[in-house]
2 protein chains.
Amino acid sequence: MLSRSVQDYLKTIFKLQEGGAVSTTEISKELKVSGASVTGMLKRLSAMELVDYNSYKGVKLTEKGKVVSLEIIRHHRLLELYLKDHLEFSLEKVHEEACRLEHYISEEFADKIDDIMGHPQFDPHGHPIPTKSGVLSEFEDKPLNEVEVGANIQIKRLSDTDSELLAYLEEMGLMPGVQLTVLEKAPFNGPVTVKFANEEKIIGNEIAKNIFVIMNCDEIPE
Amino acid sequence: MLSRSVQDYLKTIFKLQEGGAVSTTEISKELKVSGASVTGMLKRLSAMELVDYNSYKGVKLTEKGKVVSLEIIRHHRLLELYLKDHLEFSLEKVHEEACRLEHYISEEFADKIDDIMGHPQFDPHGHPIPTKSGVLSEFEDKPLNEVEVGANIQIKRLSDTDSELLAYLEEMGLMPGVQLTVLEKAPFNGPVTVKFANEEKIIGNEIAKNIFVIMNCDEIPE
DNA sequence: AATAATATTTAGTTTTAAATAAAATTTTTC
DNA sequence: GAAAAATTTTATTTAAAACTAAATATTATT
């Protein structure tokens, strides 16, 4: 079985690799380890044929590496939804628990909860859940602070790194699926004013950066 | 957090310590590691105040050690029942999955599944589940091969080490809760003949050793 | 009680995984 | 093309967990 560290490196590379090859420094910053440690791990991952690694040129996941990464991400997102909807975990606690358990549940465990939930497409933060065969549906979203005034939007997902922020957003009612209209945007990275549930709310720019939205539509896109 | 190895040593000591202090060799045989490795670990456990260890005299769990052990056993047994009854795992697969996950689920996770199941007292093999406060109900049972002829008995639990055997027993319908009458016992460790569901079945002595029974009673004892 | 057999501990290594700092090298930038 | 930044190499470090072989303690046997 792959170690937890190896799995975490793969997850990180997957997350960062949208813009082509991923550099040592990017990984180093994300995982908060030294560059030398990253180089060491990249060599190991390369020997396991999980990444294509060229010195000084960065890494990319191989097909095998992608499969493994998607499996971990699938575990994580299925767990988050299951913890929230079936075990009544609060939204701010699901991330930590899922981050730990994602490495240890069997494929069978993942499949069982997937069946029970009826093959859901999105986790509680609005992230798409890869299918068992490794298909990850994509959708276009952007942070709330980049949306133009007047737009009718829907919250698609929340950045899930800060659990305090999540708790705050939950309390405000700013959850995935909620419909908003952008009324005003103060200049120089000022706060964003939105209307929702017939109330006006003012959202600080730093917070708005963590709320990812899509243009309004009736159905959640695939 | 305690490592998986540490947790496994504690579980093993708990299991073996009914007859007083546990010897190095007993642990060594159970975990299939060298005696020297056991001594090394016992020193570490002792430094952590999880066991009382006296060279050459064996170990006992401290109160702290018992609390931790019972927590792990609680996780294991709650998981087994949950996997079986809520995630539809087959009986022979729950042990392996629970053995892995027991080390990684949070207390909150354990409490949630405990709540959902209504604070069950026994796992699918008939083993008692410790309460959150660490109370482990005891019951007297003995292996089927030691029961006298004519006894009306109930299967209390099955030894859970051999998953092939478990699958076989499940197929035979020999499950915890089933009522049996012992009709015959062949001498010299021969097979045991039992009546159950109005059929006679002959059970080999080696198999009978793994079926633990209690004298008949309407309710499962506490 | 002496000796043999067994159990246990000690001492010294080994393995593996993961990390590090400092020095060397390559790439990028100005 | 030199300086700055990024990356790799080299050589260590840490930690957990295991091992073998030798030494010692305990228990059993005669």
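Which residue takes a positive phi in the hairpin of β6(B) and β7(B)? In this predicted model, the residue is Ala197(B), with phi near 55°, in a hairpin that has two residues between the strands. Strand β6 (residues 192-196) and strand β7 (residues 199-203) of chain B pair in the antiparallel sense over five bridges, where pairing requires at least two DSSP bridges between two strands. Within this pairing, Lys195(B) has Glu200(B) of β7(B) as its bridge partner. Helices (H or I, at least four residues) and strands (E, at least two) are DSSP runs, numbered from the N terminus.

Residues are numbered from 1 along each chain as its sequence is written, and chains are lettered from A and ligands numbered from 1 in the order in which they are written. In this predicted model, local features need pLDDT of at least 70 and side-chain atom pairs count only at pLDDT 80 or more, whereas totals for chains, interfaces and linings use all residues; side-chain values use heavy atoms, with hydrogens and water left out.

The contact between the protein chains (heavy atoms within 4.5 Å) takes 18 residues from chain A and 18 residues from chain B. The size of an interface is often given as the accessible area lost when the parts come together. Between chain A and chain B, the buried area is about 1600 Å², and carbon and sulfur atoms give 64% of that area; the value is the accessible area (1.4 Å probe) lost on putting the two parts together, summed over both. On the side of chain A, the most area is lost by Leu87(A), Tyr104(A) and Phe109(A), together 34% of what that side buries.

Two salt bridges (a side-chain nitrogen of Lys or Arg within 4 Å of a carboxyl oxygen of Asp or Glu) are found across this interface. Lys93(A) forms a salt bridge with Glu108(B), with the closest N and O atoms 3.5 Å apart. Seven residue pairs, both members at pLDDT 80 or more, are in polar contact between chain A and chain B. A polar contact is a pair of N or O atoms within 3.5 Å; within protein, one must be able to donate a hydrogen and the other to accept it, and residues adjacent in sequence count only if both atoms are side-chain atoms. The side of chain A that touches chain B draws at least two residues from each of α4 (63-85), α5 (91-101) and α6 (107-116), and α6(A) gives the most, with five residues.

DNA strand D is surrounded by 21 residues, the closest being Thr25(A), Tyr53(A), Ser3(B), Ser37(B) and Arg44(B); a residue is near a strand if one of its heavy atoms lies within 4 Å of it. Of the atoms of DNA strand D within 4 Å of the protein, sugar and phosphate account for 82%. Phosphate oxygens of DNA strand D lie 2.6 Å from a polar side-chain atom of Lys43(A) and 2.9 Å from a polar side-chain atom of Thr39(A). For Tyr56(A), a backbone N or O atom lies 2.9 Å from a phosphate oxygen of DNA strand D.

DNA strand C is likewise surrounded by 21 residues, with Ser3(A), Ser37(A), Arg44(A), Thr25(B) and Tyr53(B) the closest. Sugar and phosphate make up 85% of the atoms of DNA strand C that come within 4 Å of the protein. A side-chain N or O atom of Arg44(A) is 2.2 Å from a phosphate oxygen of DNA strand C, and for Ser37(A) the corresponding distance is 2.4 Å.
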